[in-house]
Amino acid sequence: MVVYPPDERGWRKVRYDGQILGTAYKASDIEEFLRLAGHPDPEAVDLTDESLFEWRGGGPETWAESPP
C-alpha cells in the first residue's frame with residue numbers, strides 16, 4: 001500500500017495494487033482502506049511495517065491539523 005505525501009491540506013492519497021483507493025485524513029482511514037482491500041484484521045496491522053506500506057512524504061504520524 002502506498003500512502004502519498006500530504007497535499008496542501010495535509011490529506012494523503014492511498015493506492016493499493018495499482019489503484020487509488022481514496023484520500024486518508026487520519027491513520028484510522030488506512031485501516032478502512034485495508035478492510036476494503038480484503039485484509040482480515042486491519043486494526044492489528046502495524047502502520048510502520050515497511051513490508052506492507054510505502055509512506056511518501058512522512059510516515060503514519062503525518063496528517064492534517066484538523067481533518068474534515
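**Ala 37.** I began with Ala 37, which counts as partly exposed at 32% relative accessibility. For my own reference, buried means under 20% relative accessible area, exposed means over 50%, and partly exposed is in between (1.4 Å probe, protein chains only). Ala 37 sits in the loop between H1 and strand E4 (54-55). I then looked up its spacing to Met 1: the two are 36 residues apart along the chain, and their C-alpha atoms are separated by 9.8 Å.

**Ground rules.** I noted that this is a predicted model, where local features need pLDDT of at least 70, side-chain atom pairs count only at pLDDT 80 or more, and totals for chains, interfaces and linings use all residues. Residues are numbered from 1 along each chain as its sequence is written, and side-chain values use heavy atoms, with hydrogens and water left out.

**The fold.** I found 1 helix and 4 strands in the chain, and from the N terminus on they run β-β-β-α-β. The radius of gyration is 11 Å, close to the 11 Å that the globule rule gives for 68 residues, so the chain is as compact as a globular protein of that length. That radius is taken over C-alpha atoms, and the rule is 2.2 Å times the number of residues to the power 0.38. Helices (H or I, at least four residues) and strands (E, at least two) are DSSP runs, numbered from the N terminus. The C-alpha atoms fill a box of roughly 30 × 20 × 20 Å along the principal axes.

**The core.** How much of the chain is buried? I read off 35% of the 68 residues. The largest nonpolar core has 12 residues, among them Met 1, Val 14, Phe 53 and Trp 63. Such a core is a set of buried Ala, Val, Leu, Ile, Met, Phe, Trp, Tyr and Cys residues joined through side-chain atoms within 4.5 Å. Helix H1 (residues 27-36) gives the largest share of this core, 3 residues. I also checked Phe 53: leaving out residues up to four places away in sequence, Phe 53 touches Met 1, Ile 30, Leu 34, Val 45, Asp 46 and Leu 47. Contact here means heavy atoms within 4.5 Å.

**Asp 29.** Is Asp 29 buried or exposed? At 15% relative accessibility, Asp 29 counts as buried. Asp 29 lies in helix H1, and its C-alpha atom is separated by 9.6 Å from that of Val 14, 15 residues apart along the chain.

**Arg 15.** My next stop was strand E2, where Arg 15 has its place. Arg 15 is partly exposed, with a relative accessible area of 27%. Arg 15 and Val 2 are 13 residues apart along the chain, with their C-alpha atoms separated by 5.1 Å. Setting aside neighbours within four places in sequence, I listed the contacts of Arg 15 as Met 1, Val 2, Tyr 4, Ile 20, Leu 21 and Arg 56.

**Asp 17.** I followed E2 to the loop between E2 and strand E3 (19-24), where Asp 17 lies. Asp 17 counts as exposed at 72% relative accessibility. Its phi is positive, about 55°, although Asp 17 is not a glycine. Most residues other than glycine have a negative phi.

**Asp 7.** Last, I looked at the loop between strand E1 (2-3) and strand E2 (12-16), which holds Asp 7. Asp 7 is partly exposed, at a relative accessible area of 26%.
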